[in-house]
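Thank you all for coming.

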Amino acid sequence: MNEKEQLVLQAIKNNPFLSQQEMAEALNMSRPTLANIISGLIKKGKIVGRAYVLPERNAIFAIGGANVDRKFYIDGHVQYGTSNPSRVTESVGGVARNIAENLGRFGNEVKLITLMGQDQGAKYIDKESQGYINLDYAEILPNVKTGSYSAVLDQNGELILAMADMTIYDSLQPSILKKHEAILSNAKCIIVDLNCPKETVQYLQSLVSVRNIPFAIIPVSAPKIKNMPDDLIGVTYFICNQDEAEAYLNIRILNDHDYSNAVKMLLEKGASNVILTLGDQGAMVGNMEGVFYLKAEKVKDIIDVTGAGDAFVGGFIHGILNDESFMSAVKFGHLNATKTLQSDKTVRQNITTDELNYWRNN
């Protein structure tokens with residue numbers, strides 16, 4: 001496509017319901033010129049007619065964080081209050097972005113809606129995500145830093161401390177998503193992480209309820225629970241850990257009975273399916289068929305825990321969207337998380353598109 005065609009296509013993506021006159025004025029071109037360009041885009045299959053609805057029905061949309069991750073691996077035992085010898089790695093991250101890459105590597109069409117700064121971090125994320133994630137809907141904000149996450153890990157790969165600069169996502173307001181509402185309305189599935197403000201999550205909750213779109217909420221962390229909606233009506237999949245469940249329900253979880261009760265409480269709030277992840281202990285899951293405990297396989301040779309939760313979500317969503325049962329998809333999520341624990345990458349690089357089929361048959 002030439003430059004003018006790209007400008008027109010982007011304008012249509014931003015608002016498919018603009019009249020040709022409104023679009024021509026916005027792009028500073030004549031209406032006949034615009035009409036010719038639109039005709040050419042239709043012939044090329046880039047749009048499918050008035051109201052210029054783009055062919056996005058099979059796309060998964062992930063909405064939320066896309067960060068630069070820095071990991072500090074402590075050499076030997078941790079010593080507090082002093083300098084610790086360590087090695088440092090840098091990679092791309094962000095919960096929504098990580099889930100999107102997992103899904104993309106599994107062969108799904110995934111589009112990411114996020115915010116990034118006008119900096120090297122954004123360029124790095126774009127470069128590393130190409131091939132697996134469509135970033136056409138990511139917005140670049142000037143004078144704001146791209147999100148970052150820094151983790152300190154011990155010699156066993158366990159997290160000691162993490163620090164996150166996610167200020168940029170305060171600007172990921174409903175107004176950003178409303179520009180893409182027509183396209184979101186045709187999504188195969190929408191996944192949102194709680195880097196997004198509460199009003200944005202509530203906007204999506206309303207949208208999916210009307211359009212009957214599969215919808216997953218991923219809390220990110222206990223402090224981010226403040227961005228949760230007041231209820232879970234319209235939420236197809238709510239996936240959280242113990243700390244996040246405790247924060248949202250304002251309870252303490254101390255034993256197996258409490259785990260089961262927490263899942264029941266989350267279902268009562270309106271969620272169709274709930275997964276309460278318990279780390280190496282497995283997961284407590286529930287839906288209209290009841291509440292069940294699933295044991296996790298023991299993992300040997302853990303290299304790095306970072307990204308395992310996102311890998312679980314990516315594997316689970318991939319399984320569900322490829323006609324696996326709920327319980328089977330949970331098990332596949334565990335498998336993906338297990339393999340990620342044995343990788344030094346936040347998203348493991350050896351995912352194959354036929355992995356689910358191989359797992360089914362073995």
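This is a predicted model: local features need pLDDT of at least 70, side-chain atom pairs count only at pLDDT 80 or more; totals for chains, interfaces and linings use all residues.

**Domains and a pocket**

The domain assignment places domain 1 at residues 3-44, while domain 2 is made up of the segments 60-66, 95-143 and 176-359. Their C-alpha centres are 35 Å apart, and the contact draws on 6 residues from domain 1 and 6 residues from domain 2.

As a reminder, interface size is often quoted as the accessible area that is lost when the parts come together. Here, domain 1 and domain 2 bury about 460 Å² between them, with 51% of that area on carbon and sulfur atoms. On the domain 1 side, Lys-13, Asn-14 and Pro-16 account for 82% of the area buried against domain 2, which is more than any other three residues supply.

Let me turn now to the second largest pocket, which holds about 300 Å³ of space. Its lining comprises 17 residues, and those closest to the centre are Glu-90, Ser-91, Lys-345, Thr-346 and Gln-349. Which element gives the most to this lining? That is β3, with 5 residues, and β2 (67-74), β3 (86-93), α4 (95-105) and α5 (120-129) each supply at least two. In terms of residue class, the lining of this pocket divides into 9 charged, 4 polar and 4 nonpolar residues.

Note on methods: Residues are numbered from 1 along each chain as its sequence is written. Side-chain values use heavy atoms; hydrogens and water are left out. On a 1 Å grid over the protein atoms alone, a cavity is a set of points where a 1.4 Å probe fits but cannot get out, and a pocket is an open set with protein on both sides within 12 Å along at least five of seven lines; lining residues have an atom within 4 Å of a point. Grid points are joined across faces, edges and corners, and a volume is the space filled by probe spheres set on the points. Helices (H or I, at least four residues) and strands (E, at least two) are DSSP runs, numbered from the N terminus. Ala, Val, Leu, Ile, Met, Phe, Trp, Tyr, Cys and Pro count as nonpolar, Asp, Glu, Lys and Arg as charged, and the others, Gly among them, as polar. Domain bounds come from an automatic or database domain assignment. Contact means heavy atoms within 4.5 Å. Buried area is the accessible area (1.4 Å probe) that two parts lose on being put together, summed over both.
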